[in-house]
Amino acid sequence: MSVGRWLDAFRGALTVRGRLRTRILDEVESHLLEAAAAQPSLPRAQAEAAATAAFGDPADVARGFAEELGVRSATRATRQAGAAVALFAAAFVVMGSNGVRHAAPWIVSSPAWPLAFVGAQVAAAATLATAVRFAAGGWPAPPERTADVARGAVVASTAGVLSLGALVAALLGHGAGSGWSLVLLLCAAAGLAGSAAAVAAALRALAHARHLEPARPRPFAADLAGVLSLVRLERAAELLAHRPWRFCAAFGLLAGLVVAAGHAIGDGALPLRAGALAAGAALTGIELLAVAVGFATLGRWLRLWSPSDHRA
Amino acid sequence: MVSPMDAQVLKGHLDSLLLAVVAAGPAHGYAIIARLRDRSGGAFDLPEGTVYPALHRLEASGLLKSSWDRSDGRRRRVYAVTPKGRRRLGAQRREWQGFASAVEAVLS
C-alpha cells in the first residue's frame, strides 16, 4: 500500500480530534516517509509498500490510539467525577449536620427536594458501581472497560449536578443567607465545574470506546461477585453472581432501611412505636421501588444489567 | 539474530524498553524503533505503529517530553526522557534485575 493510501485509511479510522489528531497524522506521515527513504535500493512504490507493511494495519494503529486515549480520558473523567461527587457529598453533610429538616424546613417542602433527594442517590449508586468496576478490573481501567467507567462518570456527575442544583435553586428562591448556605453554594459551584469537566472527558472516552467495545461486555454482577469474594463474602457472591435483579432488590432494601432509619432518628421517633414502624416500612417500600425503577432505566445504560445476563 | 518475540509478551514491558532506549539520547519515533530492534538483536521487532500510542502514553505521564525538529529537510517529532522518566527507569531497572536474578537462581 502506498503511503498516501495508508494515510487515507488511517484518517478514516482515527477517532482523535483537534490538534492531537494533526500531530498524530504528521508524526505518522513523517515516519512512513523516513522508512520509505531508508530503502533507496528499492523502487519508490516498493519502498512505500514495505514501510506501510512494517507500520501495521491502519485500523489496528488507530485502535491503539483509541485504547490509549480512551483509557486516559476515562481515568481523568473518573478522577473529576470523584472530586465533584465528594464536593456534593460534603454539601449534603453540611446540610445534614445543620439539621436541615428542622433548621430549613422550606427546603424539604420545596418542589425541588424530590429531585435533590433522588439525584443524590443516583449519583451515589453510580459512584458505587464505578468503584466496584475499578476494584474488580484495577486502576486505571483496561481498554475493554473504558465505556463502563465513562458511563459511570457521566451519570454520577450529571445526577450530582441535578441534585445540588435543585437544592441551590430552592435556597436562592427562599433567599436564605446563613453560613452553611454559603458553603452549599461554594460546593455547588466547584462541583459543577468538576462535573462539567468530568462529563466532557467521559464523552471523549466514550467516543474512543465505540471502537473498542468488546463483543460481550463483562456483566456487573460478575464484577460485584469478584469484589465480594475478595472481602471473603463468598456466600453473598454466589447469591448475586449473574443475578443483577437480586442485587437490585438487596441494594434497594438496604437503601430503604438506611433512609427509614435516618428519618426515624431525625424525627426523634425512637424508641419505635407502631406508627413509626409503619412509616419506616412505607419509606423502605418507596425507596425499594425507586431503586428498581432507576435500575430498570439507567441500569441498562450503566451496564449494571443486560438481557444477556440471564443466558450467562 | 534472535527470533522475534510475541507482541503480547512484549507489550507488558514496552514502556520500560522505550524509556531505556530514549534515555540513551533524544530520538524520533523511527530511530527509537530502529534502536529497539538493534539493541535486542532483532527480537523486539514490533509492528512499528504500536510504538506511537505507547510514546504518547509515556509523554502524557510526564516520563517523556517531545518537540518538533527540522533537519535534512524533514520534520520529526523528537522524544527525550524527563527527570521523572529517569527516576522511573531506575526503579524499573532495579525491579527487573531483582526479578531476573531470582528467575536465574531457580532455573540454573
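I started with the contacts between the two chains: 22 residues of chain B touch 20 residues of chain A, taking contact as heavy atoms within 4.5 Å. I'm working on a predicted model, where local features need pLDDT of at least 70, side-chain atom pairs count only at pLDDT 80 or more, and totals for chains, interfaces and linings use all residues. Residues are numbered from 1 along each chain as its sequence is written, chains are lettered from A in the order in which they are written, and side-chain values use heavy atoms, with hydrogens and water left out.

Next, area. Chains B and A bury about 1,800 Å² between them, 56% of it on carbon and sulfur atoms (accessible area lost on putting the two parts together, 1.4 Å probe, summed over both). I noted that B:Y30, B:Y52 and B:H56 supply 32% of what chain B buries against chain A, more than any other three residues.

Then I checked charges. The rule finds four salt bridges across the interface (a side-chain nitrogen of Lys or Arg within 4 Å of a carboxyl oxygen of Asp or Glu). I looked up A:D26 with B:R75, whose side chains meet in a salt bridge at 3.5 Å, N to O.

On the chain B side, α3 (29–39), α4 (51–60), β2 (64–71) and β3 (74–81) each give two or more residues (DSSP runs: helices H or I, at least four residues; strands E, at least two; numbered from the N terminus). α4(B) gives the most, six residues.

Last stop, A:R303. Its phi is near 60 degrees, positive in a residue other than glycine. A:R303 sits in the segment after α13 (274–301) of chain A. I put A:R303 down as buried because its relative accessibility is 16% (buried is under 20%, exposed over 50%, partly exposed in between; 1.4 Å probe, protein chains only).
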